[in-house]
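Subject: Model handover

Hello,

Here is the model we talked about. Please open it before reading on.

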Amino acid sequence: MLDAKIPNGPIEKKWSEYQATCALVNAANRKKMTVIVIGSGLAGGGAAAALGELGYHVKLFCFHDSTRRAHSVAAQGGVNAAKNYQNDGDNVYRMFYDAIKGGDYRSREANVYRMAELSVRLIDTCVAQGVPFAREYGGSLGNRSFGGVQVERTFYAQGQTGQQLLMGTNSAIARQVKAGRIERFSRHEMLDLVVKNGRAIGVIVRDAITGEIERHAAHAIVLGTGGYAKIYYLSTMAMGCNATAAWKAHKRGAFLANPSFVQVHPTSLPALGKHQSKLTLMSESLRNDGRIWVPARSGDDRSPEKIPDSERDYYLERKYPAFGNLTPRDIAARAAKEQIDAGHGVGPMRNAVFLDFRDAIAQHGRETIQSRYGNLFGMYQKITGIDAYVTPMLIAPSPHFTMGGLWVDYELMTTLEGLYACGECNFADHGSNRLGANSLLQACVDGYFILPSTIGNFLSSRIKEPLSPTDGPEFDQAESKTREDIQKLLSIKGSQPVDYFHRTLGATLWDCCGISRSRESLNRGIEQIRELREQFWNDVNITGGAHEPNSELEKATRVMDFLELGELMCIDALHREESCGAHFREEYQTKEGESLRNDEGFGYVSAWQHRAEGEPILHKEPLSFEAVNVMTRNYK
Amino acid sequence: MELNLRIWRQDGPDTPGQLVNYHLNNADPGMSFLEMLDAVNEQLINNGQRVIEFDHDCREGICGSCGMVINGRPHGPAQGSSTCQLHMRSFQNGDQITIEPFRASAFPIIRDLKVDRSAFDRIIDSGGYISTNIAAAPEANSILISKDEASHAFDAAACIGCGACVASCKNASAALFTSAKVTHLVNLPQGKVERSTRVVQMVNQMDTEGFGACSFTEACEAVCPQQISVSHIAQMNWEYNRAKLGM
Ligand SMILES: Cc1cc2nc3c(=O)[nH]c(=O)nc-3n(C[C@H](O)[C@H](O)[C@H](O)COP(=O)(O)OP(=O)(O)OC[C@H]3O[C@@H](n4cnc5c(N)ncnc54)[C@H](O)[C@@H]3O)c2cc1C
């Protein structure tokens, strides 16, 4: 039975009571304890800095060349906090409520409430670190609004909020490096987890320069390794984002929750050629003034200005008159895919829809539009060479954020004792759909505030235990498995590069387990992925060796895990016979084509246990709602 | 489009390197520069050869991982753009393009176009931060910061730490990078407390790492993908002198 360890008592007191009663480790003992943190994004980096500050000995690993480059750096829009600086009626409860509803009632109340509660202190911490958030003329902090809410609670630093927050975290890391409490290992990738009697005791990492395989032991291990939406190959995520750390933990016993919940962003740039390596996000704010349409006749390839209004289909305005172009992300993305699949797609690859500013420019003038979105139009032109003041933008949906991840309890501990997961690599706070600007928040509060308290509760009873020796049989076994995998990959010398497998897997998943899924597509997906995996192990071609810098080998060790995770995503999506948030199952929709949730049948978190042979085992964490009334979303 | 590429190949820090010719006949003007290199690498893999190593990640111009010297200019011909945001339509069919790593003795070559920029991290470690405890921050609006101050700090904080400034400088100076951090923090009230120790430690570390002196030719600003201004260097120098004079 999964025990989420949710404290008793009213929701607004749970966290403070937990903190008042959890066990502590005294300062003299903290320095004797080693914690490994994998990942230097806002979640892992924040955790490392906070643990270092408390006096633990921290070993911080990342595969980037610097802790400053984690994928968190790319977030543009902002970070939410219930500060109510605008006096527009915001408070912790309202923020909690928005996030629970936004997640379509598939997240855990106690965690979401705590995230909203801690948001307030987060902004204080970031400002103290020197994060240059936007300011009002009077010197106080500025806010803007984001999708799914009616108040202004988003703090931002121009279009580079993630970068600025990460520089703050990196400052905190640097301070602890100087103090000798954090040992930093850049260009080191965790390739396996070492487990002894159900407890995580260490990691196997590869030094990306020398190829050396290293063993590291710790009293506790924290994964802050980010999301896995790069499994689709074309996504808004950085090229290096991967699932290896979480997947290896899963194979060693940590349950993986809701793996099929993937958020697709409706407005990214479409793939423009077959060499495309990633898709760039265009801010959702463009939908405030841009109108989305496709040619009414499928296959119409006239240039957009030659298509008269009567032959255009403004499909969002037609289908969702109340919200029009501002329907939530999942709905806008699905509607675009429907049009593209029905042959109405536009652009050189017929994989996009138009986002048209013609009417907004006619109404407000070019200057106003320029002042609102000039930088985005500039970015669009840089990438596509097209002037969107004259020709409508081409946009398309693309995988963006994973709500699924390692199952964790209220303490952020996985089902493996001593193994924690924070930030995007856990499943906890966003349900089946994430609200904009909530994931930077989750990553930060998990790392800075929650983990440093909850880990003490575990470590306090292990003060007398020495570090596990790294020459034990569990370390031997994990290290030789890693070496074997690498040797095998390098020895195949087949005919296809790693990218071929990654692209093919991505296309299969997009098709079978993307914006919408059906029993038929998911079964097909499972079959295709199994075949592809077999082909990979027979036909992949990796040049270069094991004991040198080898980016092809790095890719291969990641794609090898993606090829297993992809199948579990399909299995998870197949078992969930309902539509909720980002998970739209075609068989479960209303007559009008809207999601049909099934709270009685599926009001739980699906947590999968790995088995070496045969199908994974499903465990359920039932979700109960005490502080909110469960309702149906409606955007008509 | 067809391209003739001359790409720096070097096995490791201690082995000699050289420019090697490659031909790509199916580049597409819409490709990014890194996607073009992906295509070259695919050719190499198909021929059983080891790929060209280069650093990259977000491919959105913000992580600061990528960067190479393209036809003599860090990040190539486009103004205010990192290599990942440079597209092949900036080149002509049949062009010859020379691609080299960022060169500076403080950035040892790892392999091919990959260099070790960890010296930048050590400059920050030496004191490039505000010493504040995570859980003990005062209410954010108790520190009022004017819009101008905030945006001045932001302009400096926008540095992505790619190292193009060093690669463009005839002295391989890290002054633009270091000064961006210094002025980001000193322009905020909460960063003023440590202003003297911070600037002295960072400048000393910059020298220890083997970066050269700044002679203010402004090449760094010209190639900076974030268009960080050299005026930050002037402010850093002022801060340094101020600290040394005990003002
Ligand atoms: C384009 C884009 C825009 C976004 N904008 C917003 C926004 O405006 N607001 C918002 O709230 N959210 C936004 N998000 C989402 C948000 O950025 C992420 O959810 C969040 O930053 C994740 O942080 P993290 O610390 O969990 O992981 P990451 O920042 O991804 O960090 C992962 C770390 O783990 C390391 N790592 C991974 N695997 C290994 C391994 N095996 N071994 C060693 N190290 C490893 C990496 O090196 C890295 O340091 C956006 C996402 C994208 C893609």
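First, the conventions. This is a predicted model, where local features need pLDDT of at least 70, side-chain atom pairs count only at pLDDT 80 or more, and totals for chains, interfaces and linings use all residues. Residues are numbered from 1 along each chain as its sequence is written, chains are lettered from A and ligands numbered from 1 in the order written, and side-chain values use heavy atoms, leaving out hydrogens and water.

**Cysteines**

Take A:Cys241. Its closest cysteine sulfur belongs to B:Cys58, 9.9 Å away, which is too far for a bond. B:Cys214 is in no disulfide either; its nearest cysteine sulfur is that of B:Cys220, at 6.4 Å. A:Cys241 is buried at 11% relative accessible area, whereas B:Cys214 is partly exposed at 35%. Buried means under 20% relative accessible area, exposed over 50%, and partly exposed in between, with a 1.4 Å probe and protein chains only.

**Positive phi**

Most residues other than glycine have a negative phi. A:Lys5 has a positive phi, near 50 degrees. A:Lys5 sits in the segment before helix 1 (14–21) of chain A and is partly exposed, at 34% relative accessibility. A:Arg187 also has a positive phi, of about 50 degrees, and is not a glycine. A:Arg187 lies in the chain A loop between strand 5 (182–185) and strand 6 (188–196). A:Arg187 is buried, at 10%. Helices (H or I, at least four residues) and strands (E, at least two) are DSSP runs numbered from the N terminus.

**A helix pair**

In chain A, helix 13 (residues 473–492) packs against helix 16 (residues 551–575) at about 110 degrees, with axes 11 Å apart. Axes are lines fitted to C-alpha atoms over the stretch in contact, and angles run from 0 to 180 degrees between N-to-C directions. The two helices are therefore roughly perpendicular (65 to 115 degrees). Their crossing is right-handed: the near helix is turned clockwise from the far one by less than a right angle.

Which residues of helix 13 and helix 16 meet? From helix 13 come A:Asp485, A:Ile486, A:Leu489 and A:Leu490; from helix 16 come A:Leu553, A:Ala556, A:Thr557 and A:Met560. Contact means heavy atoms within 4.5 Å. By class, that contact has six nonpolar, one polar and one charged residues. Ala, Val, Leu, Ile, Met, Phe, Trp, Tyr, Cys and Pro count as nonpolar, Asp, Glu, Lys and Arg as charged, and the others, Gly among them, as polar.

Best wishes

Note on methods. A disulfide is a pair of cysteine sulfur atoms within 2.5 Å. Angles under 35 degrees count as roughly parallel, over 145 as roughly antiparallel, 65 to 115 as roughly perpendicular and the rest as oblique.
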